[in-house]
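Here are my notes on the model, written as numbered points. Please keep the structure open while reading them.

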Amino acid sequence: MKDVKNKASILSAQNVFKSYKISGQKDILAVEDLSLDINEGEFICIVGASGCGKSTLLNMFAGFISPTSGRLLLHGEPIVGIEPRCGMVFQSYALLPWKTVRGNVEFGLKMKGVSPKVRRERAEYFIDLVNLGAFADRYPSELSGGMRQRVTLARIFASDPEVLLMDEPFAALDAMTRQVLQEELLRIHEDQRKTTVFITHNIDEALVLADRIIVLSSRPGRVKAIVKNTLARPRHMTVQLSKEFTELKSEIWSFVEDEVRRHGSVTPEYP
Ligand SMILES: Nc1ncnc2c1ncn2[C@@H]1O[C@H](COP(=O)(O)OP(=O)(O)OP(=O)(O)O)[C@@H](O)[C@H]1O
Ligand SMILES: [Mg+2]
């Protein structure tokens with residue numbers, strides 16, 4: 001297990017516990033004594049068995065739910081209520097069906113009171129960055145799943161949150177589209193260096209994207225291992241063919257395997 005000592009931590013979880021109350025039943029402990037420091041500009045991937053508390057952790061960072069005990073901090077200040085500086089991307093696309101691609105990308109900026117000229121320019125820049133320039137005037141219903149997820153990426157980057165929280169954003173896509181979007185996210189991250197917390201069930205995806213990979217134990221979720229991704233940046237998808245990639249993958253898999261088996265649920269995306 002390797003760790004990077006925290007210098008400029010932007011996001012932290014300190015001894016976080018989260019249990020859910022279910023009427024007439026014992027509380028479900030989803031997250032147990034979890035501590036984690038995320039550095040500015042870092043790309044973190046969180047992997048772990050289904051139901052181990054990954055989304056719960058992300059939702060606490062976003063301020064959608066609060067911990068039962070412990071603290072979640074942004075720039076050292078407790079996160080209380082929905083945190084506007086954290087932008088969330090979900091597995092489903094959550095686009096406004098009555099707005100065009102451009103309208104969807106501009107929407108968050110409009111809500112923030114950004115002038116029409118500036119929001120048009122920002123939207124155009126990010127629509128081009130995700131290669132949707134030719135589709136700016138189309139509606140979500142006229143796009144494929146992969147294109148819709150690209151619109152959500154353009155929208156989140158255009159709205160410029162300090163931290164990006166992504167909950168399995170590519171899980172619903174076919175393998176080829178997923179690979180294209182990983183490539184795009186990689187390129188955008190290397191351009192923008194935005195602090196990102198990205199949940200995935202896919203170890204290859206984690207290794208392509210992340211600076212560090214956090215393996216959670218099966219429920220209740222605790223930090224089981226932190227693996228530093230030593231693959232050099234800028235990265236290209238062909239990094240997956242390297243010996244170093246295979247070695248890191250088996251190291252991460254060895255941590256995940258125990259937990260997936262212990263939990264009794266095999267997640268299809270793990271080998
Ligand atoms: N609102 C809720 N009420 C009750 N229990 C919940 C609630 N949300 C999550 N849980 C439980 O907490 C545990 C962790 O759930 P969570 O959604 O965080 O897991 P996950 O790691 O994101 O799983 P997956 O990989 O399947 O998305 C699970 O046992 C789940 O059933
Ligand atoms: Mg989840």
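1. A term first: a residue is buried if 20 or more other C-beta atoms lie within 10 Å of its own, exposed if 12 or fewer, and partly exposed in between, with C-beta atoms placed from the backbone. With 13 C-beta neighbours inside 10 Å, Asn131 therefore counts as partly exposed. Asn131 sits in the loop between H3 and H4, and its phi is near 60 degrees, a positive value in a residue other than glycine. Helices (H or I, at least four residues) and strands (E, at least two) are DSSP runs, numbered from the N terminus.

2. The model is predicted: local features need pLDDT of at least 70, side-chain atom pairs count only at pLDDT 80 or more, and totals for chains, interfaces and linings use all residues. Residues are numbered from 1 along each chain as its sequence is written, while chains are lettered from A and ligands numbered from 1 in the order in which they are written.

3. Asp33 also has a positive phi, near 45 degrees, and is not a glycine. Asp33 belongs to strand S2. Because 15 other C-beta atoms lie within 10 Å, Asp33 is partly exposed. Most residues other than glycine have a negative phi, and most peptide bonds are trans.

4. Where are the cis peptide bonds? One joins Arg219 and Pro220, with omega about 0 degrees. Pro220 lies in the loop between strand S9 (212-216) and strand S10 (223-228). The bond from Arg233 to Pro234 is cis too, with omega near -5 degrees, and Pro234 is in the loop between S10 and helix H7 (243-263).

5. Helix H2 (residues 101-111) and helix H3 (residues 116-129) have axes that come within 9 Å and cross at roughly 125 degrees. Axes are lines fitted to C-alpha atoms, for helices over the stretch in contact, and angles run from 0 to 180 degrees between N-to-C directions. Angles under 35 degrees count as roughly parallel, over 145 as roughly antiparallel, 65 to 115 as roughly perpendicular and the rest as oblique. H2 and H3 are therefore oblique to each other. In contact (C-beta atoms, placed from the backbone, within 7 Å), H2 and H3 meet through residues including Val105 and Leu109 in H2 and Ala123 and Phe126 in H3.

6. How do H2 and H4 pack? The angle is about 30 degrees, and the axes are 8 Å apart. That makes H2 roughly parallel to H4. The contact is made by Val101, Asn104, Val105, Gly108 and Leu109 of H2 and Val151, Ala154, Arg155, Ala158 and Ser159 of H4.

7. Val151 lies in helix H4 (residues 145-159). Is Val151 buried or exposed? Val151 is buried, because 26 other C-beta atoms lie within 10 Å. Leaving out residues up to four places away in sequence, Val151 touches Leu95, Val101, Asn104, Val105, Leu132 and Pro140. Val151 and Leu109 are 42 residues apart in sequence and 14 Å apart in space, C-alpha to C-alpha.

8. Ligand 1 is surrounded by 13 residues, and the closest are Tyr20, Ala30, Lys54, Ser55 and Thr56. A residue is near a molecule if its C-beta atom, placed from the backbone, lies within 6 Å of it. Strand S2 (28-39) and helix H1 (54-62) are the elements that give two or more residues to this shell. H1 gives the most, with three residues.

Notes
Two residues are in contact if their C-beta atoms, placed from the backbone, lie within 7 Å.
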